[in-house]
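Student: Could we go through this model together, one step at a time? I have the sequence and the coordinates open.

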Amino acid sequence: MSTIAALPYEYELPADLQHLALVIIDMQRDFLEPGGFGAALGNDVERLQAIVPALQQLISAFRKLKLPIVHTLECHQPDLSDCPPAKLKRGKGSLTIGDLGPMGRILVQGEPGNDIIPELQPLPGEIVIHKPGKGAFYQTPLATELQQRGITHLLITGVTTEVCVQTTMREANDRGYECLLVEDCTESYFPEFKQSTLAMVRAQGGIVGWTAASTAVLQVLEAGSVAGVTHGV
Ligand code: C5J
């Protein structure tokens with residue numbers, strides 16, 4: 001059994017790494033680039049771009065091991081019929097959901113700004129989940145996709161830590177998944193919110209799960225790769 005050095009204590013990987021998936025939450029232009037939803041709400045979007053290199057390394061390790069990768073996008077149908085009313089009512093910045101901005105309509109599926117950033121584009125065969133809420137399980141096929149593949153363990157990454165990432169991790173935890181939040185592969189517009197989320201996740205003996213640095217994760221995955229521990233390698 002391989003373990004990752006994590007907090008509040010070591011995270012046990014499944015004996016067969018095929019039961020492990022990487023979940024990448026909402027690494028979209030709407031959150032990471034000027035002109036999108038994040039910027040319209042008055043945030044410094046550059047803060048989020050700092051996690052891209054570490055995330056690229058993690059994705060590359062998963063691809064090398066042929067392990068499942070889930071990419072999520074926060075988005076809505078053009079008529080916004082799938083948008084929870086509270087989302088439309090609240091958080092009105094210079095532009096709101098559905099408004100036309102420099103990268104197309106804000107948080108609308110298929111618009112240029114709604115796409116995943118070019119550096120982290122999914123490859124064919126990877127799971128892509130379009131989600132209307134903050135959590136990736138709400139009104140999406142994610143649970144089915146994970147069940148079909150026998151996934152039991154999730155490494156969770158992406159933006160923003162205290163909103164869509166934390167909501168998804170709590171949803172997954174309640175569904176029985178063993179979740180680890182990768183500390184340097186998640187970011188918030190508010191550094192204190194990120195730190196609080198990491199602390200909340202690992203409080204009370206890991207009430208929501210574990211946190212670990214990507215170097216600790218990569219060390220174990222790379223050892224797995226050399227030893228050929230994955231199914232079919
Ligand atoms: C937000 C997200 N913050 N992906 N979305 O509205 O966290």
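Student: At roughly what angle do the axes of helix H7 (residues 161-174) and H8 cross?

Tutor: Good place to start, bearing in mind that this is a predicted model. The axes of H7 and H8 come within 10 Å. The angle at which they cross is roughly 15°.

Student: Is H7 roughly parallel or roughly antiparallel to H8, then?

Tutor: Angles under 35 degrees count as roughly parallel, and over 145 as roughly antiparallel. The axes cross at roughly 15°, so H7 is, relative to H8, roughly parallel.

Student: Which residues of H8 make the contact with H7?

Tutor: From H7, the contact uses Thr161, Glu162, Gln166, Met169 and Arg170.

Student: How many bridges join E4 to E7?

Tutor: E4 and E7 run parallel, and one place to look is His71, which stands opposite Val128 in E7. The number of bridges joining E4 to E7 is 5.

Student: Which residues form the uncovered face of E7?

Tutor: In a regular strand the side chains alternate between the two faces of the sheet. In E7, the covered face has Ile127, Ile129 and Lys131. The uncovered face has Val128 and His130.

Student: In E4, which residue is the bridge partner of Ile25?

Tutor: Strand E3 (residues 20-25) pairs with strand E4 (residues 69-74) in the parallel sense, over 4 bridges. For Ile25, the bridge partner in E4 is Thr72.

Student: How far apart are the end C-alpha atoms of helix H4 (residues 52-64)?

Tutor: Helix H4 has 13 residues, and at 1.5 Å a residue it should span 18 Å. The model agrees with that expectation, because the end C-alpha atoms are apart by 18 Å.

Conventions. Residues numbered from 1 in each chain as written. Predicted model: local features only at pLDDT ≥ 70, side-chain atom pairs only at ≥ 80, totals over all residues. Heavy atoms only, no water. Helix = DSSP H or I, 4+ residues; strand = E, 2+ residues; numbered from the N terminus. Expected span 1.5 Å × (residues − 1). Pairing = 2+ DSSP bridges. Buried < 20%, exposed > 50% of the residue type's maximum accessible area, 1.4 Å probe, protein only. Axes fitted to C-alpha atoms, helices over the stretch in contact; angles between N-to-C directions. Parallel < 35°, antiparallel > 145°, perpendicular 65-115°, else oblique. Contact = heavy atoms within 4.5 Å.
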